[in-house]
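This report looks at a few local features of one protein model. The sequence and structure come first, and the notes follow.

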Amino acid sequence: MSEIEREAMDYDVVIVGAGPAGLSAAIRLKQLDADLDVVVLEKGSEVGAHILSGAVLDPSGLDALIPDWKDKGAPITVKVKEDNFYVLGEAGQLRLPNFIMPPLMNNHGNYIVSMGNVCRWMAEQAEAMGVEIFPGMACSELVYGENGELRGVVAGEFGKEADGSMGPNYEPGMVLNGKYVFLSEGVRGSLSKEVIEKFGLADDCDVPKFGIGMKEIWEIKPENHNEGEVTHSMGWPLGFKNSGGSFMYHLDNNQVYVGYIVDLNYKNPHLFPYMEFQRFKHHPRIAKVLEGGKRVAYGARAVTKGGFQSIPQATFPGGALLGCSLGLVNLPRIKGNHNAMHSGRQAADAAYAAIKAGRAGDTLQEYHDAIKSGPVGKDLKRVRNVAPLNAKFGPLGGLALGGFDMWFQTIFKVSPFGTVKHGKNDAQSTEPASKHKPIDYAKPDGVLSFDRLTNVAFSFTNHEESQPAHLKLRDASIPVGVNLPKFAGPSARYCPAGVYEFVEEEGKDTRFQINFQNCVHCKTCDIKDPIENITWTVPQGGDGPNYPNM
């Protein structure tokens, strides 16, 4: 901890992140004991401002947490009524019949939702129970106790100058201590990364794997709208050498969510995930739905896809990792919110039992065991081979073998493949540009497809420009000295917000520019940089995207 003097507040449980996992933990703690002191710290300007998800919600996690959520007015009303899966070519498509899909892929009983609005509603439930929730409070530093256990967090530091010095309006923030600290920061959170490394939590698991998910909300013509329709696809435009796919969900009020996920294990550094998404919308089937419509919001975030074998140790002295901090997305189902809720509830159960037994600051091993053996582990174990089979055999081979594996496990309760390893992490998967051809992308037309900076405006992103850049380089010479000549400067393409530029000026050396004001907090740079030279950290509280209904 730094030597800055700060006021401190003590709680029973401190929760970092007001997503579905953190809010579930807060609610469950208060269900178990209304007298527990629980605080939730959220870096977004409001609860939901940084939440981006597809999302088709499996309600099982919420059923276990708040069985009467319907009576309580949860914004979960659009039932899935039609479920489609297509393999796309450039001008056509092949629909895979539902009966060949493994039963776990069925969306019957699920709901199309805005997870931002679901989290806002969950926060209302938590506050009514006495949970303290502080939005606009970025947690920038961890506080450790005398024995090395996690003791608390520093939150609410504001007013640093660009060089890191304290400005005239500097506020040091506060220390919030807890008997236990839950980190539910979402994918690749900076504090979670720190504790994973400090306590060796990933020493006995496979490497984490990720995709970059991009999403737009469109208002479309009523005649093109089919409330409750869910459509997924693979194939064009990524083709069958790179894995990823699309989603289109018809919610209410003539709106659709349209999105694209590109797995970050791609080899060709010329690949431009954002432009693959924009190109996808020109497929005849998609363009027909969007024709005459209007894009009203855009956002992006990394998605975990490592699955069961990539789950690190969930607990450590003084705290626990929740939700996407652990990587609990079921890849073939493209769902993780239900598992995030389960994890929050189970972490709360373990912390409550420990506190009642007079414990504090130790390891909640019961929670880790519950993750592996309970509903989360059961959900993820049966699909654990889908991602590595995709990586080894390509999307088509992976589709066939992964489907066979899921069917086999449905019938025989065991996998014929055992547990397949992932191999390289996503940064290491990037190959030199000399091994690949550049990819020609058509200029966005401004009707169906849009340039990045125009779309970033629809994420309503804002950062105070006088603060230090929250994107840190381990070595400032690497972008121009290594990444540009060897990998053709991939950061200029893998970022979905145009944060990174290689600027050429007449008579001057090429320089690397970080436009951190554009950052939508997706964390892709922290994952995909081939030299692993970029570290994402939190900016001051309240900065970043302000997603309305993502």
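## A nonpolar surface patch

Trp-407, Ile-411, Phe-412 and Val-414 make a nonpolar surface patch of about 400 Å². The model is a predicted one.

Trp-407, one of the patch residues, lies in helix α10, which spans residues 386-412.

## The buried side of helix α8

Helix α8 covers residues 365-373, and its buried residues are Tyr-367, His-368 and Ile-371. They are on the same side of α8, because the arc they cover around the axis is only 100°. In an α-helix there are 3.6 residues a turn, so residues three or four places apart point the same way.

Several elements cover these buried residues of α8. Among them are the strands β19 (315-316) and β20 (319-321), and the helices α7 (337-356) and α9 (375-381).

## Gln-467 in a loop

Gln-467 is found in the loop between α12 (452-456) and β21 (471-473).

Leaving aside residues up to four places away in sequence, Gln-467 touches Lys-160, Glu-161, Ala-162, Phe-516, Pro-539, Gln-540 and Asp-543. With Gln-540 there is also a polar approach: a polar atom of the Gln-467 side chain lies 3.0 Å from the backbone nitrogen of Gln-540.

Note on methods. Residues numbered from 1 in each chain as written. Predicted model: local features only at pLDDT ≥ 70, side-chain atom pairs only at ≥ 80, totals over all residues. Heavy atoms only, no water. Patch = residues over 30% accessible without salt bridge, like charges linked within 9 Å, V, L, I, M, F, W, Y side chains within 5 Å. Areas by Shrake-Rupley, 256 points an atom, 1.4 Å probe, with all protein chains shown as cover. Salt bridge = Lys/Arg side-chain N within 4 Å of Asp/Glu carboxyl O. Helix = DSSP H or I, 4+ residues; strand = E, 2+ residues; numbered from the N terminus. Buried < 20%, exposed > 50% of the residue type's maximum accessible area, 1.4 Å probe, protein only. Arc of directions from axis to C-beta. Contact = heavy atoms within 4.5 Å. Polar contact = N/O pair within 3.5 Å; in protein donor to acceptor, adjacent residues only side chain to side chain.
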